[in-house]
Amino acid sequence: MLLSRPAPDVAPDLLGSLLSANGVTVRIVEVEAYAGTGEDPASHSHRGRTPRNVPMFGPPGTLYVYFTYGMHWCANVTCSPPGEASAVLFRAGEVVDGLELARSRRGRVSDRDLARGPARLAQALGLDGAATGTSLLDGAGPASLRLGVPPDPVAIRSGPRVGVATAADVRWRFWLAGEPTVSPYRPHVPKRRR
DNA sequence: ACGCAGATAATCT
DNA sequence: GATTATCTGCGTG
């Protein structure tokens with residue numbers, strides 16, 4: 001499994017891989033691809049380098065964790081050659097190790113919901129801004145990614161990305177068919193100011 | 001099951 | 001000043 005490819009190619013191959021951090025391991029069942037500068041209006045790197053998205057420009061296998069909606073963290077792995085700033089968002093997974101730890105971080109929710117959604121997944125893994133920019137591959141950082149054998153294409157479904165306003169026709173969300181821990185789809189809803 | 005509103009603050013224009 | 005790669009709780013059916 002090679003990460004040095006465009007995000008939409010890498011993303012489906014990441015399904016089934018194991019993401020570990022801070023004593024919890026999650027089997028990834030849902031991801032989204034975000035392309036690089038000038039290629040994808042929904043990508044944080046669309047308009048080039050900013051203080052926040054610096055990790056996206058790092059080498060493939062870099063962890064990019066960002067803060068959003070005033071309270072949530074979301075985790076990505078960068079791919080493509082260094083400098084292209086494309087990434088794959090870890091959207092959902094099944095907790096396969098460190099169950100008690102994940103439960104204590106997530107509060108009173110069902111086991112199915114422990115990592116069902118990008119912010120829930122990051123919380124279950126104890127990931128926040130302190131981990132961004134570290135490598136998922138060199139074993140030195142707080143998180144590591146164990147790549148698996150790419151799943152049979154027959155088991156993969158795709159659709160538009162969740163909560164994305166632009167490029168709604170692009171089907172860069174990928175998930176494993178029949179997995180209960182795949183997050184529900186929600187279209188983007190513009191906020192009405194009050 | 002589904003739909004909506006509120007929370008809450010960094011980031012970018 | 002507007003937007004946001006979201007989640008939770010509460011309403012209705």
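Arg49 sits over the face of Phe57, 5.3 Å from the ring centre, where "over a ring" asks for NZ of Lys or CZ of Arg within 6 Å of the ring centre and within 35 degrees of the ring normal. Arg173 does likewise with Trp175, lying over the face of the ring at 4.5 Å from its centre. All of this comes from a predicted model, in which local features need pLDDT of at least 70, side-chain atom pairs count only at pLDDT 80 or more, and totals for chains, interfaces and linings use all residues. Residues are numbered from 1 along each chain as its sequence is written, chains are lettered from A and ligands numbered from 1 in the order in which they are written, and side-chain values use heavy atoms, with hydrogens and water left out.

Next come the rings that pair with each other. A pair of aromatic rings is described by the distance of the centres and the angle of the planes. Rings of Phe, Tyr and Trp (its six-membered ring) pair if their centres lie within 6.5 Å; planes under 30 degrees apart are stacked, over 60 edge-to-face, and the rest tilted. On that basis there are two aromatic pairs. Phe67 and Trp73 have ring centres 4.9 Å apart and planes at 55°, so this pair is tilted. Phe67 is partly exposed at 40% relative accessibility, and Trp73 is also partly exposed, at 29% (buried means under 20% relative accessible area, exposed over 50%, partly exposed in between, with a 1.4 Å probe and protein chains only).

Of the atoms of DNA strand C that come within 4 Å of the protein, sugar and phosphate make up 52%.

As for which elements build the surface near DNA strand C, strand E3 (63-68), strand E4 (72-79), strand E5 (86-97) and helix H3 (118-124) each give at least two residues. H3 provides the largest share, three residues. Helices (H or I, at least four residues) and strands (E, at least two) are DSSP runs, numbered from the N terminus. By residue type, this surface has nine nonpolar, seven polar and five charged residues; Ala, Val, Leu, Ile, Met, Phe, Trp, Tyr, Cys and Pro count as nonpolar, Asp, Glu, Lys and Arg as charged, and the others, Gly among them, as polar.

DNA strand B has 10 residues around it, with Arg47, Thr50, Tyr69, Met71 and Lys191 coming nearest. Sugar and phosphate account for 54% of the DNA strand B atoms that come within 4 Å of the protein. A side-chain N or O atom of Thr50 is 2.3 Å from a phosphate oxygen of DNA strand B. The backbone takes part too: a polar backbone atom of Tyr69 is 2.4 Å from a base oxygen of DNA strand B, and one of Gly70 is 3.4 Å from a base nitrogen. The surface near DNA strand B splits into four nonpolar, two polar and four charged residues.

Leaving out residues up to four places away in sequence, Asp40 touches Ala33, Tyr34, Ala35, His46, Arg161 and Trp172, contact meaning heavy atoms within 4.5 Å.

Ser80, in the loop between E4 and E5, has a positive phi of about 65° although it is not a glycine. Ala85 lies in the loop between E4 and E5, with phi near 60°. Ser80 is buried at a relative accessible area of 1%, and Ala85 is buried at 0%.

Terms used: A residue is near a molecule or strand if one of its heavy atoms lies within 4 Å of it. A polar contact is a pair of N or O atoms within 3.5 Å; within protein, one must be able to donate a hydrogen and the other to accept it, and residues adjacent in sequence count only if both atoms are side-chain atoms.
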